[in-house]
Amino acid sequence: MFLALMLAATPNTPQSPPKLTPAERETVDGREVVVRLTEEDDGSQSLVAILDVNAPTGVTLDAVLDVEARADEVSALDTVTLYIDTPSQLGADYAFDLPGYDGNFYILYDVDRARGFAYYAMDTSKENDIDSAAGSYQVFPRGQGTRLVYRVSIENGGMAPMWVKKALITRNLPEQLKGMRSRAEAAG
């Protein structure tokens with residue numbers, strides 16, 4: 001049985017920084033993650049997560065791309081191992097353990113450091129235990145720090161119902177982004 005994790009195609013090019021509402025500014029100023037979920041006509045959903053980091057953009061992007069550190073920060077992950085490591089591309093093997101189901105999925109990251117952007121997608125050349133994965137991370141200068149923006153689409157369909165996919169994101173996304181922020185701020 002394959003876990004239909006949740007992630008489908010997202011913009012693979014840099015976007016403009018999202019404008020925050022007053023309530024979202026309060027959330028970000030309180031060092032919490034802003035999460036926007038938008039439902040599409042086909043039942044799929046788009047997610048944007050925003051977090052401010054007190055570190056320069058380059059240091060923040062380095063923390064985003066330190067994917068191996070995620071194994072210690074995201075409770076559903078057992079290990080993360082790089083199998084490609086070049087300046088413009090990473091390949092990572094994620095071993096996960098969810099109640100009643102464990103497995104691996106393989107992600108390729110295309111990195112554009114000059115634009116502060118990293119797009120990721122499933123490495124379809126390998127056997128994956130989830131249906132699909134794709135998204136992006138982008139860093140924007142914010143005073144002396146960075147605004148980190150994560151974008152992903154949650155695909156409707158597959159083996160897992162939409163509520164399971166959303167639960168996995170809402171449980172793991174804040175801890176993942178806050179882990180990136182902690183590492184960036186410690187290094188920055």
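Q: Contact means heavy atoms within 4.5 Å. Leaving aside its neighbours within four places in sequence, which residues is Leu 177 in contact with?

A: With those neighbours set aside, Leu 177 touches Val 33, Ala 49, Leu 51, Tyr 137, Leu 148 and Tyr 150. This is a predicted model, where local features need pLDDT of at least 70 and side-chain atom pairs count only at pLDDT 80 or more, while totals for chains, interfaces and linings use all residues. Residues are numbered from 1 along each chain as its sequence is written, and side-chain values use heavy atoms, with hydrogens and water left out.

Q: How many helices and strands does the protein chain have?

A: Helices (H or I, at least four residues) and strands (E, at least two) are DSSP runs, numbered from the N terminus. The protein chain has four helices and nine strands. Read from the N terminus, their order is β-α-β-β-α-α-β-β-β-β-β-β-α. As for contacts between residues at least 6 apart in sequence, 55% join residues at least 24 apart.

Q: What share of the residues of the protein chain count as buried?

A: Buried means under 20% relative accessible area, exposed over 50%, and partly exposed in between (1.4 Å probe, protein chains only). By that scale, 51% of the 188 residues are buried. The chain exposes about 9000 Å² (Shrake-Rupley method with a 1.4 Å probe; for residues, only the protein chains shown count as cover). Carbon and sulfur atoms supply 50% of that area.

Q: Which residues have the most contacts inside the largest nonpolar core?

A: In soluble globular proteins, nonpolar side chains tend to be buried together. A nonpolar core is a set of buried Ala, Val, Leu, Ile, Met, Phe, Trp, Tyr and Cys residues joined through side-chain atoms within 4.5 Å. The largest one here holds 39 residues, and Tyr 94, Tyr 109, Tyr 137, Leu 148, Tyr 150 and Leu 177 have the most contacts inside it. Strand 5 (residues 89-98) gives the most to this core, five residues. A second, separate core has seven residues, among them Val 28, Ile 50, Phe 140 and Val 149.

Q: In what sense do strand 4 and strand 5 pair?

A: Two strands pair if DSSP finds at least two bridges between them. Strand 4 and strand 5 are antiparallel, with seven bridges, and a hairpin of three residues joins them. Val 80 has Tyr 94 of strand 5 as its bridge partner.

Q: How many bridges join strand 5 to strand 6?

A: There are 10 bridges between these two strands, which run antiparallel. Ala 92 has Ile 107 of strand 6 as its bridge partner. Two residues lie between the strands in their hairpin, and Gly 100 in the turn has a positive phi of about 85 degrees. Strand 6 is joined in turn to strand 7 (residues 117-122) by six bridges, again in the antiparallel sense. Ile 107 stands opposite Met 122 in strand 7. That hairpin has four residues between its strands, and Gly 116 in the turn has a positive phi of about 65 degrees.

Q: How many aromatic pairs does a search of the whole structure find?

A: Rings of Phe, Tyr and Trp (its six-membered ring) pair if their centres lie within 6.5 Å; planes under 30 degrees apart count as stacked, over 60 as edge-to-face and the rest as tilted. The search finds seven aromatic pairs. One of them joins Tyr 83 and Tyr 106: the ring centres are 5.9 Å apart and the planes are at 70 degrees, so the pair is edge-to-face. Tyr 83 is in strand 4 (residues 77-85) and Tyr 106 in strand 6 (residues 101-112), 23 residues apart. Tyr 83 is partly exposed at 31% relative accessibility, whereas Tyr 106 is buried at 17%.

Q: Why do Tyr 94 and Phe 105 count as a stacked pair?

A: Their ring centres are 5.0 Å apart and their planes are at 5 degrees, so the pair is stacked. Tyr 94 is in strand 5 and Phe 105 in strand 6, so the pair ties together parts 11 residues apart in sequence. Tyr 94 is buried at 3% relative accessibility, and Phe 105 is buried at 11%. Elsewhere, ring pairs link Tyr 109, Tyr 120, Tyr 137 and Tyr 150 into a cluster.

Q: Where does the charged end of Lys 126 sit?

A: A charge sits over a ring if NZ of Lys or CZ of Arg is within 6 Å of the ring centre and within 35 degrees of the ring normal. The charged end of Lys 126 is over the ring of Tyr 83, 4.6 Å from its centre. Lys 126 also lies over the face of Tyr 106, 5.6 Å from that ring centre.
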